[in-house]
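Here's a quick tour for anyone opening this structure for the first time. Have a look at it, then read on.

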Amino acid sequence: MEPRRVSFWLAFVCCSSGTAGAIRFHESCSCRMNGAAPLAYALRTDVGRARDHNEDAGAADLANRLFVVCDGMGGAAAGEIASSMAARAFLAQARQMGFDRSPRHRLEKAVLAANSGVYEEALHDARLRGMGTTLVGLELSEDSREAWVVNVGDSRCYRWRGRALQLLTEDHSWVAEQVRHGFMTQLEASQSPLRNVITRAVGSQPRVEPDVSVHDVQPGDVYLLCSDGLLRELSEEEMKEVLRAESQDLMRCADALVDAANDAGGGDNITVLLVRV
Ligand code: CA
């Protein structure tokens, strides 16, 4: 069993190709590069109402059509180090591999690189022992026909299409396993004191097994990457209400989702990354 997580935030953005940008809490951007289909995104991360620091990290590399959210765990500053390091390493490795390889191979390798980076950092510093992070990543193909999703842990990717919200990832958590095996209902899982226990994490073991999936894309789709700080406060029905009202303006929508989670208690750090095709 991987360590339990506690959470905060840190976000960085790479808006132009190849450069790691400044640390940001709030960012939106849109562009069309080299004839590729246009994309827009908005990123917001928030400490919430109960924690005193943010262990979440969100990042976007718009030029390379890559997006990532991580939710770190570990004592002292370890969680925020794990999440920001994993997000950076994920984007850097994916870029370095170039785009002549299959997205599945690239995303798997990018997660393995993030895992090695966090794990080795912890080996060299006793204060960071046991740190780890969730990771959910998204790559949109240049023609915007395919959305490739990779995940470890319980941060999630949803697709908002028309008025339908579809979950594209499967949580790696103890309660999700109980639900899958029929030992617990979704409601019981959402109320369980063990809902924070994740069964896979980036960086807490020498190896990690990411899940990768591919999904067809339609113009107007909005992809939502988020940490569990959003999910523990809002039901999917409540998320849909916000998306119905605000999804035309991604930054307003990200703000509205975070504000709704805070209004509902804000018991954990909250990170929302929205991408419109
Ligand atoms: Ca969290």
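## Two helices side by side

Helix α6 (residues 236-246) and helix α7 (residues 250-263) have axes that come within 9 Å and cross at roughly 150°. The axes are lines fitted to C-alpha atoms over the stretch in contact, with angles running from 0 to 180 degrees between N-to-C directions. Angles over 145 degrees count as roughly antiparallel, and α6 and α7 are therefore roughly antiparallel to each other.

Who meets whom here? In α6, Met 239, Val 242, Leu 243 and Glu 246 meet Arg 252, Cys 253, Ala 256, Leu 257 and Ala 260 of α7 (contact means heavy atoms within 4.5 Å).

## About the model

This is a predicted model: local features need pLDDT of at least 70 and side-chain atom pairs pLDDT 80 or more, while totals for chains, interfaces and linings use all residues. Residues are numbered from 1 along each chain as its sequence is written, and side-chain values use heavy atoms, leaving out hydrogens and water.

## The whole chain

You'll find seven helices and 12 strands in the chain; these are DSSP runs, H or I of at least four residues for helices and E of at least two for strands, numbered from the N terminus. Of the chain's 277 residues, 57% are buried, meaning under 20% relative accessible area with a 1.4 Å probe, protein chains only.

Technical notes
Buried < 20%, exposed > 50% of the residue type's maximum accessible area, 1.4 Å probe, protein only. Parallel < 35°, antiparallel > 145°, perpendicular 65-115°, else oblique.
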